[in-house]
Amino acid sequence: MAVSNNITAVLNFLAVMCSLPVIAAGIWLASKPDNDCIHWLRWPIIFLGVSIFGVSLAGFVGAYWKKKGLLAVYLVFMLILIVLLLATLVLAFVVTRPSGAYSPPGAGFQEYRLQGFSSWLRDHITSSDNWVNIRSCLATSRICPSLATKFTSAAGFFAAHLSPSQSGCCKPPMACGLGYSTPTTWVGEPNIAADPDCTIWSNDQTKLCYDCNSCKAGLLGNLRQEWRKANIVLIITVVILIWVYLIACCAYRNAQTEEIFLRYKQGWV
């Protein structure tokens with residue numbers, strides 16, 4: 001049983017190490033400026049990472065100090081966490097698969113259409129109930145004001161690769177036909193027939209395009225990019241965890257069989 005316990009202890013130490021990239025991915029997502037305005041999306045990945053760390057640590061302790069009850073609890077809870085991690089991955093892939101991005105002529109950045117994103121994201125992020133608070137948060141953030149110090153010429157601005165949130169919230173849609181003055185100030189008469197957002201755009205720095213569908217789409221575009229990057233870490237982690245879990249189950253079962261055999265051999269049963 002000692003060999004099986006040692007194998008399980010080593011595997012659980014590996015699982016503890018796997019939890020660290022998950023926690024790091026969660027912290028990275030929570031630190032993004034746009035996610036700062038969507039509070040409920042900030043913590044699920046961090047929670048999963050911390051849970052994997054705690055359960056794996058319990059498994060390591062149980063294996064190293066031969067606590068069979070703790071090992072059994074570890075196997076049950078690790079299975080639950082693997083299922084939750086898989087469910088999170090599937091949900092993230094499904095809801096971030098559609099992209100509302102398109103390239104306006106003469107610009108290095110992309111613009112975004114709200115209808116191009118999944119209905120789940122639109123319902124849970126950009127619904128009228130949620131957008132009031134998100135809009136206020138965006139208006140007080142540095143997402144748009146930072147553009148004024150970054151770009152000093154029209155050529156530099158149009159050649160830039162703006163983030164989806166900056167493209168959607170800080171300027172009018174290119175289809176409006178307005179002229180560039182600064183990244184957040186545009187002149188001329190908008191072509192209101194081209195896009196409904198053209199009537200919403202304002203040079204007022206507290207308004208800009210924060211109420212535009214393009215801003216909502218830009219926020220979803222940012223989320224899509226960030227979650228798809230985080231998914232790479234989650235995929236690698238879940239593959240390793242499944243592999244670790246299967247070997248740990250085999251080691252635990254072999255240890256139980258070995259113990260029953262020794263009891264029988266010694267006349268205990």
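This is a short tour of a predicted model, moving from its nonpolar core to its disulfides and then to a surface patch.

**Stop 1: the core**

Start inside. Select Ile 125, Ile 134 and Leu 138. In the largest nonpolar core, which has 63 residues, these three touch the most other members. Helix H1 (2-31), helix H2 (44-64) and helix H3 (68-96) each supply at least two residues. So do helix H4 (119-125), helix H5 (128-139) and helix H9 (213-265). Which helix gives the largest share? Select H9: 13 residues of the core come from it.

**Stop 2: around Leu 138**

Stay on Leu 138 and show its surroundings. Leaving aside residues up to four places away in sequence, Leu 138 touches Cys 37, Trp 131, Ile 143, Cys 169, Tyr 210 and Cys 215. Keep two of these contacts on screen: Cys 169 and Cys 215. They lead to the next stop.

**Stop 3: the disulfide of Cys 169 and Cys 215**

Searching the whole structure turns up four disulfides. Begin with the one that joins Cys 169 to Cys 215, S to S 1.9 Å. Trace each end back to its element. Cys 169 lies in helix H8 (residues 164-169), and Cys 215 lies in helix H9. The two cysteines are 46 residues apart, so the bond links distant parts of the chain. Look along the S-S bond next. The angle about it is 85 degrees, and the link is right-handed. Are these cysteines buried or exposed? Both Cys 169 and Cys 215 are buried.

**Stop 4: the disulfide of Cys 176 and Cys 198**

Select Cys 176 and Cys 198. Their sulfur atoms are 1.9 Å apart and form a disulfide. This pair also links distant parts of the chain, 22 residues apart. Find Cys 176 in the loop between H8 and strand S3 (179-182). Find Cys 198 in the loop between strand S4 (185-187) and H9. Check the handedness here. With -95 degrees about the S-S bond, the link of Cys 176 and Cys 198 is left-handed. Cys 176 counts as buried because its relative accessibility is 1%. Cys 198 counts as buried too, at 3% relative accessibility.

**Stop 5: the disulfide of Cys 209 and Cys 212**

Move to Cys 209 and Cys 212. They form a disulfide, with sulfur atoms 1.9 Å apart. Why is this disulfide left-handed? The torsion about the S-S bond of Cys 209 and Cys 212 is about -90 degrees, so the disulfide is left-handed. Both Cys 209 and Cys 212 are buried.

**Stop 6**

Cys 18 has a relative accessible area of 7%, so it is buried.

**Stop 6**

H1 and H2 are the elements that give two or more residues to the patch. H1 gives the largest share, four residues. End the tour on Phe 53, which sits in helix H2. At 32% relative accessibility, Phe 53 counts as partly exposed.

Note on methods: Residues numbered from 1 in each chain as written. Predicted model: local features only at pLDDT ≥ 70, side-chain atom pairs only at ≥ 80, totals over all residues. Heavy atoms only, no water. Core = buried A, V, L, I, M, F, W, Y, C linked by side-chain atoms within 4.5 Å. Buried < 20%, exposed > 50% of the residue type's maximum accessible area, 1.4 Å probe, protein only. Contact = heavy atoms within 4.5 Å. Disulfide = S-S within 2.5 Å.
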